[in-house]
Each structure stands twice: as structure tokens, then as C-alpha cells.
Amino acid sequence: MFDVIYLFALMWAALPLVRTLMQGGGGNHVAFVRRLYRDAAYILAAAIGIIVFEAALGISLENYWFEELGQSHRYWLSLEYRVAIFLVVSLSVGLFVGANLRVLCRPYAVVPASAPWIIGFGLAVVVGAISTSLWIPLVRFLGATSAGVIDPVFGKDLSFYLLALPLYDRIVDILIGILFVASALWMGIGTVTRSGPAAFAYRPDPFGASHPHRSVAIPTPEQSRAVWAIWVRQGMLLGTLWCVTFGARQFLARYHLVVVGHSQVVAGASYADVNFWLPGYDVIIACLFAAASILGLATTVPRFRAWLLMNQSHWLSPFAALALLVVGAFVVPTAIEDLYVGPNQITLELPYLLRSITGTRQAFNLEGPSVEEREFAVSATSLTAADLAKDAATLQDARIWDWRALEPQLQQIQGLRPYYTFHGVDIDRYVIDGTERQVMITARELDVTRLPAPAQVWVNLALKYTHGYGVVAVPVNEIDSRGNPVLWAHDIPVEAKKDLSVTRGEIYFGELTEDHVYVHTTEKEFDFPQGQANAETVYQGSGGILLSSLWRKLVIAREFDGQRLFISGYFTPQSRVMLRRNIVERAQTLAPFLSFDHDPYIVADADHYSYILDAYTTSENYPYSEAYQGSLATFRGYNYVRNSVKAVIDAYNGSVTLYVFDQHDPIINAYRQVLPGLFKDAREMPENLRRHIRYPEDIFTVQAEMYGTYHMTNPTTFYNREDRWEVPHELYRSIEIAMLPYYVTTQLPGSDKPEFLLMLPLSVAGKNQMAGWLAGLSDGENYGKMVAFRFPKGIFIDGPAQVESRISSDSRFSGDLTLWDQHGSQVIRGNLIVLPLVDNQLIVIEPVYIEAEQTKIPMLARVVMGQLLPNDRKLEWASTLTDTELLLIGASAPTPASTGPSTTGTSNEILERARALFGEMQREYASGNFARYGELLQQLGKLLLAQ
């Protein structure tokens, strides 16, 4: 609708230009060009009008959306910054480029006097629009306060590197871009000046030679030289600005040496950087400013410019000398580093290595009051029944459901309708029947793309199918008699244990909600399926933008659905439109200066559901810190990361609340200083949400990968990398993958109760030997603390990859694994968990699933459990975790073999038993219970072999 209107407006504005083109120039070329220029201005005016109208629509839409979140002040403040930056940059660039073009184009009659300014300000608008992204580093800069940490080279506060230096870098980059454009225009005009056709564009002169067209004249040689002189002078001016800008860039590069130096072993300024490269940079800066002085003097003083250009040696000698100094400033430090520093590296770099180790550990929060390093002497005592009783609280939540295997199973038994889907299973803890238990929980979201094709009409997509409903929650290690997970929250309407129940089960904002919907229309919304009919509802929340006026409808119509909003009878003044319903997009739009975790998780908070999404502040400029280059692409290149904020997004109303959990982060403190209404203190988080916060996976992964190298605090050991650790590998679907952090509930050594934590074992680099493990704590006052456990030197503890190998090669297991991994089914080796117990005992747990090729639904077949001992290990498996525990301590447990049929009897009896087994096998295969199918196949084989 809008595009058609805009097209008609532009066509109307273009009519004068068409008329002029049809009439032609009539021999007067200059007048014809001027008419074209005038008629093009009509089109430009129409285009500007369209742009202004579009801007008004866009600003209104954003304002309404931020107003919905109660953050209108945040939007207008950021808009003010962006407009101010746009105006300052556009005006500066327009005046600079326009003035340069005006001087260069003055001799040419064919160029209207206003053309240079229009071109200059046209380019300025583009540069200004690009520069509006400066508002984020500008907010950081304006909110900067002292961090109390001083760099050892320049004595600058940490806030300078994190908050000021990025702004200075961006400003210099923009200046270079402006100079590049101005230089390109200068080169283009210079090319025209030296070409023949330029003569016919020269302004008429009463003393010039005559020409058939009276409006122009052929320039004399003196006039051509005058034009050439103007061009050269402007080139010198640009050269001066280039030298000054590069000088400023080189001046900032001095500070970047503290962040990224030239050494291969030190993160930050090394011995050569401080003693040779830094003086070299000073020489380069001096040379650039000297060149700027020469060119600036030549630009402003005609006699000096004439002398400089009189003889090639006048300008070549000083600039050649400066160039040699610049080359020397690069060559000398490089040579010294290769010839002197290299052979004596460990001695010379020792204090700088200490700076690098300390800086990196501080930047990734690997040391300080929130980090504790301990030794974990693995017990050599075998597990007993008394140990199991002592660790009952830990073992009752020892997870045997792999979230990757659980999701398709929940989709099968709790999807209920094709258009419901689950996206990721999260792990949290809830109070169930008076005891805190570990729970796996996932939201039942609506995926309208799964509706039948005839049902995918606008009314259904925009008005009817507006929300998902409820969650499914299961304990981490309980199964029913059919091998399915026990359900603690299930069905629609949701039946749930008390702590998992909510008043409103609708999910309007989630991880899969990418489309917009309208609520409070005359068409009731589909709520959930109910028997032969569907339950319907009317939205009772505060989410969405009201469509209460013509302008509001116009704003929304421009973005979505066009004329439907005006001709449809479904809308009332109370109708609302819900935009940006994806929770990550919602949080990113509100706080674009934060990075967000890949795994938001849903929480039942009594009234309705909310999502908790961890947010991070990052920087590339922390002094003496190595940049992360690990497995998470989001954080690569950053050398400072903090989990400073947790965003809570209401799944019913769409509200977004940002809670600050790190009061010592200089970056988040700067944002709070300028945008105080955007954040709340962590103490203001309601208790029913606070008890669900957890140590986030992304930052823990980054910390674990960095800690693998930076647990070495001795500079000599660090230099030789002789004790480096790495993230171990495990098997999933028989494929070796890097082990992921996992949540467990366990009692740490020295603690008096189990707690919910995130942990990851670490292995010796290049070996299948476990070196230690990290734990990120989540409960109460311990939230955010990290504990690093290292095993004593001189003992061998199997790493996860070694455990996987021993499971595969153990003759007690390998036969069944081979049997199940054929005949249309596939074995899935689930998440391997290393779990510490109270008395420094270490166990491993791995679920084994069987997945049919047809149904693609993993069924739990076995649970492997083992105890890791110094230089030894014990492994057992059984159908349940309890049975495996009994086998591990030497007690008897029922096994598939002990429940098999008798292999003795008459031939007819044997045949009847075989037929019965075969019939039961067929039923179990059809029902998808492949674990039981495998047991029956073994029994049938033993029965037949016995004969």
C-alpha cells in the first residue's frame, strides 16, 4: 500500500524532468544542464518528504514498543544521542567536503554553485547515518568512572581502556573514511582537470579566445596553470589532514601495545614492546606530524609552496628522510626482537609473563575473592552401601536423562498436537514434595508453520493461534515401567507439582515466537485443544501496542499487514499488536550493547512463566589479557567478559527486566550511570525468581577453556606450557565431541549440604588423563563463585575419553552395544557425567539409549556407572541407576539374563516358548521399547543355542 503511494508521488515529481528531457537543450548546453538540475531537485524534494514520513513512522513504532516495556526514556535518550551525533557529523563532513568541492569546481561554469554543497551534504548524510552507532561507545565514555586498576606501562586507569579508547578508535576510523572519500573526489576532479573536455567547461573570460558556444571559453595556458595550482593546494591540505589523522591513530596504537603487543608468548606489551617498539612509535608519530607541518605550511604560505615545488629535491629530500625514519622505526625493533630478545626470551620476558598471567586471570574472573583453588585427592576406597547412604541426596538427582535424547521423547508423548513443539530442555531445581530436586523443564511453544496448509490463513496466523501453552517437567533420573520419563508437569491444562504450577499457562513470548500477533480483537484466541472442540480465551495481560488511534494503525500498517488494519472488522480501540516476541530479540533490542547467552531457560514463578536470559559485557581492550579464541564464536576476539546482567522476560506480558549482578564491572557501571532507569539491582529480584538463577554455561565454557592454560601461575611453567589442560572429549551417537558443561546437585568437599552447580572436568593436554575439574556455584550467597579442583601430581585418573573407550571395549557391554546398533536401530551414548561425592570419591554416569531408525525416539536401555580410583576404575551397568549402584558396591541386582526363560523342556515346549518370545519381541518393537526388545532377543538366542 505505502510503496504504491510513494511510487505515484515520485512519478508526479518526475514529470518536469521528463518534459525537459523531451524538449532538449536547444543548443544552450549550460541552460539545459541547469534545467535538469532544477527538475531533479523536485524529485529530491519528494524523496526527502518520503524519507521524513518514513522516519516519523519508524520513530513512532520504536517509541510505542519501548513504551510497552516502560522504557520510553531509554529510547528517547538513545535517539537524542544518535540525532546529535548525526547532526554534528553531517554538518562537519558536509562543510568540509562541500568547501573542498566548491574550491575545486569554481572555475567550471557547467557546475552550478550549489552542486558541491549538495554533493558534500549528500555524502555527509550517509557518513552521519553510519556514525550514529557511536552512541553506544559514547554512552560508555560519558558514564566512565575510575575502576581503581592501573596499567603498569602508561599508568592509565582500566576505565580508559574499556570505556574511552574504543570511542577514540571509532572517531579516528570515521575521520579516515571521510578523508578517503574527499581524496577520491579530489583525484576524480584532478583527472577531469587534466583532460581535454575540461576546457569547454571553463568559465567565460572576456580576454579568452572565442568559442562557438558563447557561454564558455577556451582557457589560456595561464588559466589552466591556475586551475592546476588550486588542485595541488587542495591536495596538500588533504595530505596534511592525512598525516595528522595517521599520527593520532599511531598515538592510540601506543596504548594498544598494552593490549596486543608483538610478542608470541606475552599477551600485551612485552620487553621489546616497552623498550623498543614504544620509542619506535614515538618516532613515527613525530615524523607524521613533521610531514603534516611541512604540508600545512605549504598549503597556507604560497611562497613556501612555490619553493617546495620549484625543484624536486626541495620536497623529496625531507620526505625521504622522514620515510627512512619511519622504516627504521619498524625495522630496528623487529631486528632487536629477533637477534637479542629471542635468544634470551625467558629471562627478559619473565616480568611481562607475570603481567600477562595476572591480567588474563583478572579479565576472565579466574582469580580474586570469588575464585577458590583446591586440591582434590581422589579416594582410593571402593564405594560401600554406607557411602551410597551418605550420598543419597546427591544420587537421587544424578542425571540419567540426556537433554538431547529427552526432547524427541517429550515431543512424542507431550506434543499433543502437530503445531506444538519443544525447543531445548533446560535443567533447574524446584522444591518437590518438600525437597529441592533437580528438574528438566521445557516450554510447549506454538509453531504455526506446522498447521495444515489450508489452515495457514491470515486470521489464524495473526488473530487465532497466538500462543503456546504450559511446560513439561521431569525429574532427571526417574523412569516409568515403559521406559518413559516420569512427568512432574504435563498435559493441557497443565497438571503439575505445586512448585511447578502457575496461574496462567499461556506463552505469548518465547524462543520460537518470531511472528507478530493481534490480541483483544473480536476474534477469540485459540487457547488449547479440549476434546472435540478447542478452548478459547481473550488476552488479559498488559503486553502489546494499543491500536487506539488512526496514527497508531498507520504506524503498524506500514510495518505489517497494510490495508487489512483499516478494512478488517476484527479490530477495536482496545486491540493490541505484539511485536518482537522472540525473547532474545526482545532483550537485544532493549540492550544492544550486551551479549546474550545461547540458552535462555523458562521458570515457573507461581503467577505465570518467565524466561531468564544471561547477559554479558565484553571488551577487546583489557591490558595484558589474552583474547579468547575458543569454541564459542560469540566471544572470540574479546579479552574481557563479565556476566553482569540477568534479563527476566515475562512469557505472558513480554516485560523485560535487567538485574545487575556484578557491581564491580566498570562497563555495566558506565551504562547504569547514563541509563539509570534501565537496570535494577540484583537485590530487587523477587525471591521466587532468585532461587532459580544459575551459573551460565557460556561464560563458564569461556572460563574453563582459558583456565586450562592460565591455571599455571608460575611464569617458567607457563612459558613452557608444560602443564596445560584442555576440555576432554566424550561420545554422543558414537561420535567424539568436546564435553559440554553440565548442571549437577552434589555436596562439595568441606560443604555441609548439596548444592546446585555447573561443572566440567579438565584433562591433561594431549592425554586421556583427568587433571581436575571446575565448578560454578549457583545457590544463595555462593552464586557466581567458582571452585577449581586439581588432582595431586603422580596419580592417574581416567579422563572421560578413556572411560568411553573402556565402556566400548568391556566384554560385558560390547556384545549388547553391537547387537543394539543394528537391525534398524542405533545406540546413543548419552552425556557422560563425572560426579564428586562427599568423601572425595569420584563416580561417572552415562546413559545408553536405543533409537529406532523409523521413530527417531531414544529409549533408555542401560545406565553405566563407575568409580574412578587412583590408577584404577570400576564399571558396571544395569537397566536402572539403582541396580547399577548395587552392582558397583558388589551387591546383587536383577539382570536381563536372570529373568530369562528356562532353556530346558520338550521340543514342543521349547518351540512354544520361542513363539511366545518372538510375539513379545514384535509387540515391543512396534511400541518402540527397544531396550526390552534387545533383552528378549538375547533370551531367544540363548533358548535356541541351548538346543
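## A loop residue with a positive phi

Let's start in the loop between α12 (350-363) and β1 (371-375), where N365 lies. Helices here are DSSP runs of H or I with at least four residues, strands are runs of E with at least two, and both are numbered from the N terminus. Although N365 is not a glycine, its phi is positive, at about 60°.

This is a predicted model, in which local features need pLDDT of at least 70, side-chain atom pairs count only at pLDDT 80 or more, and totals for chains, interfaces and linings use all residues. Residues are numbered from 1 along each chain as its sequence is written, and side-chain values use heavy atoms, leaving out hydrogens and water.

## Two further loops

Now look at the loop between α17 (550-559) and α18 (564-567), which holds D561. D561 is a residue other than glycine, and its phi is positive, near 65°.

Which peptide bond is cis? The one from I492 to P493 is, with omega near -10°. You can find P493 in the loop between β7 (489-490) and β8 (495-496).

## A pair of helices

Finally, follow helix α3 (residues 72-105) and helix α4 (residues 115-131): their axes come within 7 Å and cross at roughly 150°. Axes are lines fitted to C-alpha atoms, for helices over the stretch in contact, with angles from 0 to 180 degrees between N-to-C directions. The crossing angle therefore makes α3 roughly antiparallel to α4 (the word applies to angles over 145 degrees).

The contact of α3 with α4 has 19 nonpolar, 6 polar and 1 charged residues. Here Ala, Val, Leu, Ile, Met, Phe, Trp, Tyr, Cys and Pro count as nonpolar, Asp, Glu, Lys and Arg as charged, and the others, including Gly, as polar.

Technical notes
Parallel < 35°, antiparallel > 145°, perpendicular 65-115°, else oblique.
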